Amino acid sequence: MITEAQVLDALRTVQDPDLHQDIVRLGFVKDVQIKDGSVKFQVQLTTPACPVKDILKAQCEEAVIALAGVEKVEVEMTAQVRSRATEQEDLVPEVKQIIAIASGKGGVGKSTVSANLAVALAQSGARVGLLDADVYGPSIPLMLGCQDEHPFTRGKKIVPIERHGIRIMSIGFLLEEGQAVMWRGPMVAGTVKQLLADVDWGDLDYLLVDLPPGTGDAPMSLAQLVPLTGVVIVSTPQTVAGNIAGKAAKLFTRMNTPLMGVIENMASFIAPDTGKEYRLFSGMPGSQLAAELKVPFLGSIPLDPEVGLAGDRGLPSVLSAPDSAQAKAFMAISKDLAAQASVLALARRESESQTPTFSPA
Ligand SMILES: Nc1ncnc2c1ncn2[C@@H]1O[C@H](COP(=O)(O)OP(=O)(O)OP(=O)(O)O)[C@@H](O)[C@H]1O
Ligand SMILES: [Mg+2]
């Protein structure tokens, strides 16, 4: 007779490679059912975009089938994104993870990266929102082909626009075309707050926030308004871009916003005729910037005119050219980013559970 304890013991040999703990201790194993020689259970991962989902499934099957008397193993892989777990009052309690996309310099590809990562995460089965917080130059509506949309309100909340499986809100929807606004600090803070609290985001696994460049009012307000999962730095390997990216990253750290990693963009060009890769700049590579900041290097996206054209057509590369090198890079990065969000959620949970309670002497 096989027991649940035996099954769990066998599964303790399976480690989550990102979280560095076994899947039983992590609480991933659910609903173990044993009937004669057949064992069935669920493995609930921390993200549907888990980069090692298939490997973990195979390891679970192997571990359990090795038990004496087990003839059949059925593993159902599910996912529940962990929450930013915050005790303070939260403007968007139904949003589990909030990931900001920032840069030092402008024009390095934040919006392109945000749009592609949002769609990539949604494609893996996650519920995803994309907030365009670039009050100075909102570009998400155009990149996702919804620049002519006008969101309506339901009750007191603005309903985000749905495109390509994600919920989108941008200050661009709320301004008249061509309308110029003289943004001052408190106005920016107020607008960012509105884009969070007054929008009917609903239940989301990931809300990506596309920021304007640098560390001005919008990024700083965002970091103060809600507990962020963390911030991702996009950079190009030009000396100036790398230097400013480093400074921006340090400022986020000072605001207690975790750095989730560095994404390098437009570093190389792959010649379509020969497949040969050319590095285009001689500045600090993204991997080196990541190493200096002691954060993960999430990956590099090649320069491809198709990326820009795709953005202009309102269809991100992951949809318009899913087999391209850049689409594959976006897909891989989205999975690593999701894994990184799980790592941070776990670290926070552990540090909270280790917080000593105050006991007067
Ligand atoms: N990998 C790439 N290959 C080719 N073109 C790209 C790539 N990434 C971005 N671009 C193009 O570079 C330009 C700038 O990109 P994007 O608007 O995403 O940058 P940004 O950092 O959001 O800029 P801003 O600081 O103004 O918000 C756009 O025209 C975009 O289409
Ligand atoms: Mg932008």
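A: We begin with the general idea: two strands pair if DSSP finds at least two bridges between them. Please keep in mind that this is a predicted model. Here strand S4 (residues 38-45) is joined to S5 by 8 bridges, and these two strands run parallel. Within that pairing, Lys40 stands opposite Glu74 in S5.

Q: In which sense do S3 and S4 pair, and over how many bridges?

A: The pairing of S3 with S4 is antiparallel and extends over 5 bridges, with Val29 standing opposite Val43 in S4. These two strands form a hairpin that leaves 2 residues between them, and in the turn Asp36 has a positive phi of about 50°.

Q: What is the order of the strands in the sheet, and which strands stand at its edges?

A: The 3 strands form an open sheet in the order S3-S4-S5, with mixed pairing. Strand S3 (29-35) and strand S5 (72-79) stand at the edges, and because each has a single partner strand, one side of each is left without a neighbour in the sheet. From one strand to the next, the twist averages 10°.

Q: Turning to accessibility, is Asp205 buried or exposed?

A: The general idea is a cut-off, since buried means under 20% relative accessible area and exposed means over 50%, with partly exposed in between. Asp205, which is found in strand S12 (residues 204-210), has a relative accessible area of 5% and is therefore buried. Leaving aside residues up to four places away in sequence, Asp205 touches Val81, Lys96, Gln97, Ala126 and Arg127.

Q: How does Tyr278 count on that scale, and which residues form a nonpolar patch with Tyr278 on the surface?

A: Tyr278 lies in strand S15 (residues 277-279), and because its relative accessibility is 40%, Tyr278 counts as partly exposed. Together with Leu280 and Phe281, Tyr278 forms a nonpolar patch on the surface, for which the accessible area of the three residues together is about 260 Å².

Notes:
Residues numbered from 1 in each chain as written. Chains lettered and ligands numbered in written order. Predicted model: local features only at pLDDT ≥ 70, side-chain atom pairs only at ≥ 80, totals over all residues. Heavy atoms only, no water. Patch = residues over 30% accessible without salt bridge, like charges linked within 9 Å, V, L, I, M, F, W, Y side chains within 5 Å. Areas by Shrake-Rupley, 256 points an atom, 1.4 Å probe, with all protein chains shown as cover. Salt bridge = Lys/Arg side-chain N within 4 Å of Asp/Glu carboxyl O. Helix = DSSP H or I, 4+ residues; strand = E, 2+ residues; numbered from the N terminus. Buried < 20%, exposed > 50% of the residue type's maximum accessible area, 1.4 Å probe, protein only. Axes fitted to C-alpha atoms, helices over the stretch in contact; angles between N-to-C directions. Contact = heavy atoms within 4.5 Å.
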